[in-house]
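Subject: Structure for your records, with notes

Hello,

Here is the structure we talked about handing over. My notes on what was found in it follow below.

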Amino acid sequence: MADWVTISSLGTAGGTLVLALATFASVRSANRSVRLTERSVLAGLRPVLAPSRPESPPERIQYGDGHWVTIPGGCGVFELVEGNVYMAMGLRNVGQGLGVIQAWHVQASTTMASVRPEESDFHRQSRDLYIPAGDTGFWQAALRDPQDPFHESLAAAARDQSAVTVHLLYCDHEGGQRTISRFGVIPDEDGTLVASVSRYFNLDRDDLR
């Protein structure tokens with residue numbers, strides 16, 4: 001004779017198990033959707049900086065002490081004037097979000113090691129520099145303190161117009177997705193300092209490599 005109490009209990013347990021599995025699958029799917037939505041939103045805010053194109057219009061910029069420089073498209077400018085090192089580079093934002101340059105690190109070297117500088121080694125920008133999505137802009141900085149450990153080498157590089165490596169630390173307009181782009185600024189056969197990008201380092205998420 002059938003034990004209907006046992007059968008009923010097993011049926012209830014089976015239904016509960018099916019409901020639990022369905023709930024787990026639903027929650028997992030919802031979490032995946034949330035993650036995908038978040039990544040999509042962040043991608044829409046993410047800036048990616050590269051050198052401006054050779055055909056980009058030149059940028060004419062002024063420094064706080066009244067010094068002016070003109071940056072041809074795709075190039076960098078390093079000048080030594082009365083002991084001050086003036087640095088600038090034409091940029092293009094190939095990402096989808098507004099880029100905000102916060103800090104810089106420059107070294108007089110043609111060697112581009114895979115190890116990025118520590119954040120504590122960067123110089124803060126005296127003002128934020130904004131590069132619109134899909135548009136061009138520039139980076140500028142000046143080194144006036146002769147006691148700065150990089151002043152002597154950068155002054156020599158500016159005087160000789162030799163190659164330098166530039167690291168720029170920037171973020172989106174909300175202060176997130178901090179990234180470091182590494183640029184090489186190298187003289188070509190006519191002495192023009194041509195800029196190129198070689199690597200990106202992600203600070204707030206898993207790196208590319």
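Ser 52, Ser 56, Pro 57, Glu 59, Ile 71, Pro 72, Gly 73, Gly 90, Leu 91, Thr 136 and Gly 137 line the largest cavity of this predicted model. By class, the lining of the cavity comprises 4 nonpolar residues, 6 polar ones and 1 charged one. The volume of the largest cavity is about 40 Å³, and the structure has 1 cavity of 30 Å³ or more.

The largest pocket is a separate entry, with about 210 Å³ of space. It has 14 lining residues, of which Gln 125, Ser 126, Gln 140, Ala 141 and Ala 142 are the closest to the pocket centre. Strand E7 (123-131) and strand E8 (136-143) each contribute at least two residues to the pocket lining. The biggest contribution is that of E7, with 6 residues. Sorted by class, the pocket lining has 5 nonpolar, 6 polar and 3 charged residues.

On the chain as a whole: there are 2 helices and 11 strands. Read from the N terminus, the order of elements is α-β-β-β-β-β-β-β-β-α-β-β-β. The chain has 209 residues, and 39% of them are buried. If you take the contacts between residues at least 6 apart in sequence, 64% of these join residues at least 24 apart.

Next, the nonpolar cores. The largest one has 36 residues, and the members that touch the most others are Phe 78, Met 87, Trp 139 and Val 166. Strand E5 (residues 84-93) supplies the largest share of this core, 6 residues. There is also a second, separate core of 6 residues, with Ala 103, Ile 180, Phe 201 and Leu 203 among them. For Phe 78, the contacts beyond four places in sequence are Tyr 86, Met 87, Ala 88, Val 106, Trp 139, Ala 158, Gln 161, Val 164, Val 166, Val 185 and Leu 193.

Asn 84 is in strand E5. Is Asn 84 buried or exposed? Its relative accessible area is 16%, and the cut-off for buried is under 20%, so Asn 84 counts as buried. The side chains of Asn 84 and Tyr 86 are joined by a polar contact of 3.3 Å. Apart from neighbours within four places in sequence, Asn 84 is in contact with Asp 65, Glu 79, Leu 143 and Arg 144.

Asp 65, one of those partners of Asn 84, sits in the loop between strand E2 (59-62) and strand E3 (68-71). Asp 65 counts as partly exposed because its relative accessibility is 40%, which falls between the 20% and 50% cut-offs. A polar atom of the Asp 65 side chain lies 3.2 Å from the backbone nitrogen of His 67. With neighbours within four places in sequence left aside, the contacts of Asp 65 are Asn 84, Tyr 86 and Arg 144.

Gln 177 belongs to the loop between strand E9 (164-171) and strand E10 (179-187). With a relative accessible area of 7%, under the 20% cut-off, Gln 177 is therefore buried. Which side chains make a polar contact with the side chain of Gln 177? One is that of Arg 46, at 2.8 Å, and another is that of Asp 172, at 2.9 Å.

Asp 121 is in the loop between strand E6 (99-107) and E7. Its relative accessibility is 39%, so Asp 121 counts as partly exposed. From Asp 121 to Ala 103, 18 residues away along the chain, the C-alpha separation is 9.7 Å. Ala 103 is one of the residues of the second core mentioned above.

Regards

How values were computed:
Residues are numbered from 1 along each chain as its sequence is written. This is a predicted model: local features need pLDDT of at least 70, side-chain atom pairs count only at pLDDT 80 or more; totals for chains, interfaces and linings use all residues. Side-chain values use heavy atoms; hydrogens and water are left out. Helices (H or I, at least four residues) and strands (E, at least two) are DSSP runs, numbered from the N terminus. Buried means under 20% relative accessible area, exposed over 50%, partly exposed in between (1.4 Å probe, protein chains only). A polar contact is a pair of N or O atoms within 3.5 Å; within protein, one must be able to donate a hydrogen and the other to accept it, and residues adjacent in sequence count only if both atoms are side-chain atoms. On a 1 Å grid over the protein atoms alone, a cavity is a set of points where a 1.4 Å probe fits but cannot get out, and a pocket is an open set with protein on both sides within 12 Å along at least five of seven lines; lining residues have an atom within 4 Å of a point. Grid points are joined across faces, edges and corners, and a volume is the space filled by probe spheres set on the points. Ala, Val, Leu, Ile, Met, Phe, Trp, Tyr, Cys and Pro count as nonpolar, Asp, Glu, Lys and Arg as charged, and the others, Gly among them, as polar. A nonpolar core is a set of buried Ala, Val, Leu, Ile, Met, Phe, Trp, Tyr and Cys residues joined through side-chain atoms within 4.5 Å. Contact means heavy atoms within 4.5 Å.
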